[in-house]
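Try each task before reading its solution.

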Amino acid sequence: MTRIAGDSRADANAAAVLRTVLTHGPVARSGIARICGLSPAAVSRQATGLLAGGLLRELPDPPGAGTGTAGRPLVPLDLNTGAVSGPVAAGLHIGVPASTFSLVDLRGAILARRRLPHADLHPDTLLPALASRLGAFLAEFANGRPLLGLGAALGGWVRPHDGVVVRHAALGWHDVPLAAELADRLRLAVRVDNHARAVAHAEMLFGRPEARSSLVHLFIGNVVDAAFGIEGTVHQGPGAAAGDVAHLPVPGSRTPCPCGRTGCLQAAASDTALGAEAVRRGIVPEPSVPLLVDAAATGDPRADRLLRERARAVGRAAALLLDVFNPAVMVVSELSSVLHEGYLEEIRQAAATQEGRIVSPHAGPAVLPVAAAAVLLDPLFRAPTHLN
Ligand SMILES: [Zn+2]
């Protein structure tokens with residue numbers, strides 16, 4: 001994208017106004033100026049642009065505020081989440097047994113979602129199928145609202161700057177130009193990121209306020225991944241390869257890992273490992289973590305015991321990451337603890353950390369659909385004048 005001189009100051013001011021409204025809205029222009037430290041004139045100028053671009057909307061005047069005053073300093077502004085004119089972002093999470101489509105508003109609220117199971121994972125087959133079904137989903141649910149574009153999230157090594165999936169072992173993908181392929185088929189702006197970083201973006205935008213100062217996100221799924229964010233930015237590292245914690249040694253674990261060592265986090269605690277162990281112990285007929293969580297919820301003590309064992313392994317790994325990064329918040333995406341507080345408590349106890357420092361994602365079971373759309377929304381809140 002070409003930039004002209006002087007653009008960056010306006011971008012930064014517009015972003016400051018938009019993020020202040022995200023955090024504190026509805027809020028009047030005078031309040032925005034006080035909170036973000038810009039002059040009232042600068043706030044007014046940026047607000048005018050953001051209103052014209054459809055990202056903000058004016059709420060009705062508060063009682064007694066009067067109307068027609070210059071700059072209308074007391075009229076509350078909010079993100080435009082209006083049911084007719086409010087812009088929406090599409091999300092695509094590409095998983096191994098299934099992918100999920102979502103549509104979210106500027107506050108990260110899910111307006112629609114749909115799951116698409118798939119068997120053929122080859123990009124030449126899967127990408128056209130995803131694009132076609134996603135196109136139909138958007139036609140059905142966007143309802144004429146402005147569509148900002150698509151955020152796509154998936155596991156593995158993903159390079160956001162050119163939208164390439166460098167490597168995703170479970171999908172069998174190498175160097176797949178995901179953003180370019182989807183943009184070409186859907187005629188939309190598309191951004192792509194690793195799902196652990198995507199969740200970190202979603203937490204910093206829509207989760208607990210302290211997550212914006214610093215957070216670590218630990219993702220436990222078929223793969224395990226981590227992401228580190230500070231001052232609203234998620235670390236990518238050289239080649240965007242940061243966050244691989246698959247072979248982080250879990251203290252006290254002796255599970256053999258394909259890498260030749262024992263006790264690696266992925267071998268000890270991934271959904272794949274947990275599902276296999278649940279089958280081995282005769283708890284569930286197939287290696288499925290949702291089935292195992294169901295079995296525990298309906299009173300099978302063996303299922304509960306196995307989930308608590310995993311929660312403790314996750315907690316011990318979390319303790320290592322807490323020691324290294326000392327984040328304000330640690331978000332753990334793990335199915336049983338997202339659905340049932342008792343397993344989150346087990347993780348906290350194993351990590352031996354103070355109350356409330358380890359949390360589940362704010363979106364709960366909708367964590368991945370929201371995170372995928374956040375891949376698109378994060379740059380919008382960073383440079384709002386560049387996405388319109
Ligand atoms: Zn290993």
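**Exercise 1. Work out how far the predicted chain can be trusted, and where to be careful.**

Start with the average: the protein chain has a mean pLDDT of 92, pLDDT being the predictor's confidence in each residue, from 0 to 100. Next, 95% of the residues reach 70 or more. Then look at residues 1-5, where pLDDT stays under 50. For that stretch the model has five contacts (heavy atoms within 4.5 Å) beyond four places in sequence.

Some ground rules: this is a predicted model, where local features need pLDDT of at least 70 and side-chain atom pairs count only at pLDDT 80 or more, while totals for chains, interfaces and linings use all residues. Residues are numbered from 1 along each chain as its sequence is written, and side-chain values use heavy atoms, with hydrogens and water left out.

**Exercise 2. Find the donors of the zinc ion and name the geometry of the site.**

First, list the donors (N, O and S atoms within 2.8 Å of the metal, or 3.2 Å for Na, K and Ca; water is not among the atoms, so sites may look incomplete). They are His247 through ND1, and Cys257, Cys259 and Cys264 through SG, at 2.0 to 2.3 Å. Second, check the angles: they run from 103 to 115° among the four donor atoms, so the site is tetrahedral (all angles between 85 and 135 degrees). For reference, the ideal angle for four tetrahedral donors is 109.5 degrees. Third, read the spacing of the donor residues along the sequence: H-x9-C-x1-C-x4-C.

**Exercise 3. Decide whether His247 and Cys259 are buried, partly exposed or exposed.**

Use the cut-offs: buried is under 20% relative accessible area, exposed is over 50%, and partly exposed is in between (1.4 Å probe, protein chains only). His247 has 38%, so His247 is partly exposed. Cys259 has 37%, so Cys259 is partly exposed too.

**Exercise 4. Locate the largest nonpolar core and see what Leu79 touches.**

A nonpolar core is a set of buried Ala, Val, Leu, Ile, Met, Phe, Trp, Tyr and Cys residues joined through side-chain atoms within 4.5 Å. The largest one has 50 residues, and Leu56, Leu79 and Leu377 have the most contacts inside it. Helix H13 (residues 367-382) gives the largest share, 12 residues; helices are DSSP runs of at least four residues, H or I, numbered from the N terminus. Now zoom in on Leu79: beyond four places in sequence, its contacts include Leu18, Leu56, Leu106 and Phe381.

Key: Tetrahedral: all angles 85-135°; square planar, octahedral: opposite > 155°, others 65-115°. Helix = DSSP H or I, 4+ residues; strand = E, 2+ residues; numbered from the N terminus.
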